[in-house]
Amino acid sequence: MQLVIIFISLIGPFVCHYGNEVSAAGILESIQSDVKKILERSGPEKTVNGKYKPAFFANLSKTLSNLKSDQIVKFDTIVTNVGKPYSPKTGKFTAPRDGTYTFSWTCLTFAKSRFETRLAVNNQYISGNRANAQNINQYVQATKNVVVQMKKGDVATVRVLGSYGLSLYGGGYNFSSFSGFMI
């Protein structure tokens, strides 16, 4: 915006715009109005009641190995975090309000390894995901999608299932991820 102001200051108080004489202040006002309209159109989608719909998408930046049973998997590289409902430090999604939410998580494990997870809401098991390559010599990737009703303050996490948090591939091409949004 400062560049526009400097430019307008340099060209003088009046310029010709589409055949009409206009002031520099008028041009600046027009540009500000146009920028505001663009930002409003490109902003996060709003619900009927005017509040933003929470949404997030996070990747895993490094490989995790030998995680303990029920340990939270922290997908730590934020791509999208509308309303900031997901914390990459804790691995927790906290519902900002009552509603229906959908979550998806993908796990890639190494050949001869295994990584099993579950989605939990308020520490209650919802659904599991098994990426099992223990008996084969290839990477295995597994994805799970769920739809759940949540109340404001409910917490959703991806957790290690049993003792099968052997090896989860992270970094590189972002094969392991966690995402969610309000429907």
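In this predicted model, Val147, Phe181 and Ile183 make a nonpolar surface patch of about 310 Å². Phe181 is placed in strand 13. Its relative accessible area is 43%. Phe181 therefore counts as partly exposed, a class that lies between the buried limit of 20% and the exposed limit of 50%.

Strand 11 gives the most, with five residues. The core holds 30 residues. Those touching the most other members are Val73, Phe75, Phe93, Phe103, Met150 and Phe178.

Val73 has contacts well beyond its own stretch of sequence. Leaving aside neighbours within four places, Val73 is in contact with Leu64, Leu67, Tyr86, Gly91, Phe115, Thr117, Val158, Val160 and Leu168.

Aromatic rings were examined next. The whole structure contains 15 aromatic pairs. One of them joins Phe75 and Phe178. This pair is tilted, with 5.8 Å centre to centre and 45° between the planes. Phe75 lies in the loop between strand 4 (64–67) and strand 5 (77–82), and Phe178 in strand 13 (residues 177–182), so the pair ties together parts 103 residues apart in sequence. Phe75 and Phe178 are both buried. Both also belong to a cluster linked by ring pairs.

Conventions: Residues are numbered from 1 along each chain as its sequence is written. This is a predicted model: local features need pLDDT of at least 70, side-chain atom pairs count only at pLDDT 80 or more; totals for chains, interfaces and linings use all residues. Side-chain values use heavy atoms; hydrogens and water are left out. Rings of Phe, Tyr and Trp (its six-membered ring) pair if their centres lie within 6.5 Å; planes under 30 degrees apart count as stacked, over 60 as edge-to-face and the rest as tilted. Helices (H or I, at least four residues) and strands (E, at least two) are DSSP runs, numbered from the N terminus. Buried means under 20% relative accessible area, exposed over 50%, partly exposed in between (1.4 Å probe, protein chains only). Patches are made of residues with over 30% relative accessible area and no salt bridge: like charges are joined within 9 Å, nonpolar side chains (Val, Leu, Ile, Met, Phe, Trp, Tyr) within 5 Å. Accessible areas come from the Shrake-Rupley method with a 1.4 Å probe; for residues, only the protein chains shown count as cover. A salt bridge is a side-chain nitrogen of Lys or Arg within 4 Å of a carboxyl oxygen of Asp or Glu. A nonpolar core is a set of buried Ala, Val, Leu, Ile, Met, Phe, Trp, Tyr and Cys residues joined through side-chain atoms within 4.5 Å. Contact means heavy atoms within 4.5 Å.
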